[in-house]
Amino acid sequence: MIVEPKFKGAILLSVHPEGCKKFVEEQINYVKNCEAKYVGSKKALIIGASSGYGLATRISLAFGGSKTDTIGVSFESGPKGRRIGTAGWFNNIAFKEAAENEGLVAKNFIGDAFSFEMKDQVIEYIKEEFGGKVDLVIYSLASGRRTDPVDGVTYISALKSTTGGVEGPTINVESGELDHQVMGDATPEELKSTVKVMGGEDWALWTNALADAGVLAEGARTYAYSYVGPKATHGIYKDGTIGAAKRHLENTANELDKLMKDKVGGEAYVTVNKALVTKASAYIPIFPVYAAALFKVMKEMGLHEGCIEQTHRLFASMIYGDSPVIDEDRRIRPDDWEMREDVQAAVDALWAKVTPENFKELTDYEGFRRDFLKLGGFEVDGVDYTKEIDVAALSELQP
Ligand code: NAI
């Protein structure tokens, strides 16, 4: 079959496996050709490894100088009947193939990271087949729901306001128009559920389980990814339900830092990353317009980074480098360029002028749209999109 991009609102429904593979290779080539190289982790566990920041992390660790063996946990599905599967499924396959070609271990666990079963399986694998210990654990999950393994309740997150509601324009990639979007105020229940899903509870469960099982190496480190954003986005992010969840994640980092120090002489931090187009962020109301305005400004200033560039800088110059930017709340800040005053002043000025008629010219709409499509393997250079996809052959591939 021939696959074309198909959307439902901010969700890309179709997937192009060959495009996903090429996009993974593009990111691998970026870190291989990057002057900045680092030596850090030898054995890493990445929770949320199949797309966005988690995938970029895995690529940087494996191919950016460190030659790290990796375990990736993700929630993805493969081909079934006429369904091709998810982009992350094919990203996992492409990563594993490339890593194994260079003699690295790349083990994929597909399933629910929030469950105790997944934690047990990963720990058993570390003990039995991965050399017994990991020295780095990255927590990069983005999910809309979580079943708490302790009480068995399924919590559904809600991307809502906690300050009386916010409204504004958002990009509709499907129609190519600017829509008006209303982000309603969260109920106390919705706020609690979002913190349950996207807060630090599960990161703490993972870290405790790994520490109790004795599979953390001496000096092991763990990092979870967060976002803060400038004042212009506070209504939708920092002061929204997701911001409350991220504060919970940040507080968890402080607790886990004590645990890591006590148990293995290691550390735990939250790193605050740059706003980028990923499956998760495209779904946040109003956020896409901010991202498109930000990309325009940062590209003009020569400061723009995509997921792989941002992540590789985080590891090469901050986590395993000598120029970490750490704020007064003990957070690592690779979003330093996004948050620069001159960048934000230019974004504010631009955003104030955006209308449904001019947004394609004023912002980097084209860059945003392309990044969005690339998440599903579309508009990736070097792919022949007129070629038939053989779904039966794809079913033979295992991540
Ligand atoms: P993403 O949607 O690209 O990746 C999410 C990952 O989580 C995927 O690998 C997915 O398979 C996995 N996942 C989701 N539910 C799962 C489950 N139940 N079990 C196992 N795996 C599961 O998202 P993105 O944007 O890379 O987000 C990762 C982290 O980075 C999040 O904490 C997000 O808040 C943070 N971040 C994202 C920014 C952005 O602009 N995209 C900016 C700063 C931080």
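Let's begin with a fold element: strand 4, helix 3 (residues 87–101) and strand 5 form a right-handed β-α-β unit, where right-handed means that, with the strands pointing away from the viewer, the path from the first strand over the helix to the second runs clockwise. Helices (H or I, at least four residues) and strands (E, at least two) are DSSP runs, numbered from the N terminus.

This is a predicted model, in which local features need pLDDT of at least 70 and side-chain atom pairs count only at pLDDT 80 or more, while totals for chains, interfaces and linings use all residues. Residues are numbered from 1 along each chain as its sequence is written, and side-chain values use heavy atoms, leaving out hydrogens and water.

Strand 3, helix 2 and strand 4 make another right-handed β-α-β unit. Strand 4 runs parallel to strand 3 (residues 43–47), joined by 5 bridges, and Lys-43 stands opposite Asp-69. On strand 5 (residues 106–110), also parallel and joined to strand 4 by 5 bridges, Ala-106 faces Thr-70. Strands pair if DSSP finds at least two bridges between them.

All 6 of the 6 residues of strand 4 (residues 69–74) are buried, so the strand is largely enclosed by the rest of the structure. Buried means under 20% relative accessible area (1.4 Å probe, protein chains only).

Now to the ligand, which 30 residues surround, each with a heavy atom within 4 Å of it. Its polar contacts are pairs of N or O atoms within 3.5 Å:

| Residue | Part | Distance to a ligand oxygen |
|---|---|---|
| Ser-51 | side chain | 2.8 Å |
| Gly-52 | backbone | 3.4 Å |
| Lys-246 | side chain | 2.7 Å |

Technical notes: Polar contact = N/O pair within 3.5 Å; in protein donor to acceptor, adjacent residues only side chain to side chain. Buried < 20%, exposed > 50% of the residue type's maximum accessible area, 1.4 Å probe, protein only.
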